[in-house]
Amino acid sequence: MQYFRGKSLSSYHPLYYLHHLIAVVFFVAIAFSSHLFFNGMGGHDLILMTAIICGYMALNIGANDAGNNIGPLVGSAVITLSGAVVLAAIFEFFGAFLAGSEVISTIKHGIVEQQQLGGAREIVLVMISALLASGLWLNIATATGTPVSTTHTIVGAVLGAGITIGGAAVVNWQALGTITISWILSPLLGSAIAALLLYLIKRNITYHTDMSRATERLVPVFVGLMAFTFTTYLLTKGLKSSWRTELDIALLCGLSVGLGIFLIIKPIIKQHVALLPNTKSAVNRHFNIPLLIAAGLLSFAHGSNDVANAIGPVIAIKEALVSDQSINHSALPTWVLLIGAIGIPLGIVLYGKRMIKTIGFEITEFDQIRAFCVVTSVTITVLFASLLGIPVSSTHTTVGAIFGIGFLRENLKKRYAVSMEILRRHATKQNQQEIDKFIHQFKESSFHEKGKLLKGLNESDIISKITEKDRKSLNKLHRKELVKRSTFIRILIAWVITLPVAGLLASLIYTLLNSTNLLTIG
């Protein structure tokens, strides 16, 4: 059931069935094109079945990953839901089709040692099982509104089917260890960087009494930083198949673009500031256009990278059949790439709304500044991890960044509320006027002035009278959950079980296909 902002789409509604009908038409088109290209050739049925499963996987990648890049924009009202879906679908398609021809080598070769799996039949069985299991798990995760890593899903599925054949000996433990590190590192890095960016913006812009002047001075710096990180990110990740660039060259190009953007928008921001009020909402408006550009670029990069999660196993099947010479291999890669390039954006359009709701509304509340911190942290995290030589999950990074800004806001609000409550509880007739004056002065002060006032307060007799028990009680009383704990726990559980569940599903599917001889080669 698809729904958004509490509006459900009933299973009796015609649009509910239309989504599934379009998906079925997509599968029929895949089957028809497969029959057209490979009819009369050996392996025709195998290619047809694999291509349909590939399309199913692509649909689920689009549906589950859609919210990562555009959810924060929808949540902060930068763009409407329909506009965000169209934007993401267009850029995902071009990213997958124009820059997605290089298949992730880890999926084909790095997770299991293919020479230990046996012959072509075993390799084909493993990859088909992995594709189908991954699609099923992503489908389940999307239906529950839970973002999971598509890369970790396909890796777990390949592992599960591979271990079913050759046991633990087929596993590349070094590659698996690297992926495990990335599973832990991605959300932690994303969370820390997003929280740091939000803290810097709050401290240097929104906590200032003269926000307009701070905006004029610092917003061009933050937007220039975004331009730098996104340019470098695209050169190292999004365009890696069509234009290989070393990291140092990409960093230099990114620095040049970032500096250029800074010089271009600085006078524009200066003009806009003069026309806008000295409010936080006015500061937020300056991030609208950079966020739209960022969403498009992130979608392009996602399409170019994650299309491999759908077509990687298919290419592995083709390679396993090369010696058999039973199919026309020259036509296969571009054809399969097109299935992924169409399937991912189609998955966003048909089934992506549920995940957009989770990312944009069910974790924490967004505005443009917070959305900016999330999308920028993704690129910074990827670049930092590239320097360390560690692959990271964009899904884990994005969700981790959202948690980071939510928990930071909780902590800041709690500290302020506790300080004010301490003052109120210890107000007497003698010092009431003085405390009221302090509270008013605190609210009207800049960030730096607030720090000085709190330092003086902490050294006063009032604070010295607060016992540790009272302080803990106040902390509990003023703990506002700006991050929804139920969503937080659900996502963490899903992340933990993704790899083993995908592996178990793939193992069961492999066992079924192998024992029933449903698959024949040649």
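Hi everyone, let me start with glycine 400, which is found in helix α15, residues 394–425. Helices here are DSSP runs of H or I with at least four residues, numbered from the N terminus. This is a predicted model, where local features need pLDDT of at least 70, side-chain atom pairs count only at pLDDT 80 or more, and totals for chains, interfaces and linings use all residues. Residues are numbered from 1 along each chain as its sequence is written, and side-chain values use heavy atoms, with hydrogens and water left out.

Back to glycine 400: is this residue buried or exposed? Glycine 400 counts as buried because its relative accessibility is 2%; buried means under 20% relative accessible area, exposed over 50%, and partly exposed in between, with a 1.4 Å probe and protein chains only.

Next, threonine 379, in helix α14, residues 368–388. With a relative accessible area of 0%, threonine 379 is buried. Its side chain makes a polar contact of 3.0 Å with the side chain of threonine 229. A polar contact is a pair of N or O atoms within 3.5 Å; within protein, one must be able to donate a hydrogen and the other to accept it, and residues adjacent in sequence count only if both atoms are side-chain atoms.

Now for α6, residues 150–166. Its end C-alpha atoms are 24 Å apart, which agrees with the 24 Å that its 17 residues should span at 1.5 Å a residue; the expected span is 1.5 Å times one less than the number of residues. At the start of α6, a side-chain oxygen of serine 149 comes to within 3.4 Å of the backbone nitrogen of threonine 151. After α6 comes glycine 167, with a positive phi near 75 degrees. The helix is mostly covered, with 12 of its 17 residues buried, among them His152, Ile154 and Leu159.

What about cysteines? Cysteine 373 is buried, with a relative accessible area of 0%, whereas cysteine 253 counts as partly exposed at 30% relative accessibility.

Note on methods
Helix = DSSP H or I, 4+ residues; strand = E, 2+ residues; numbered from the N terminus.
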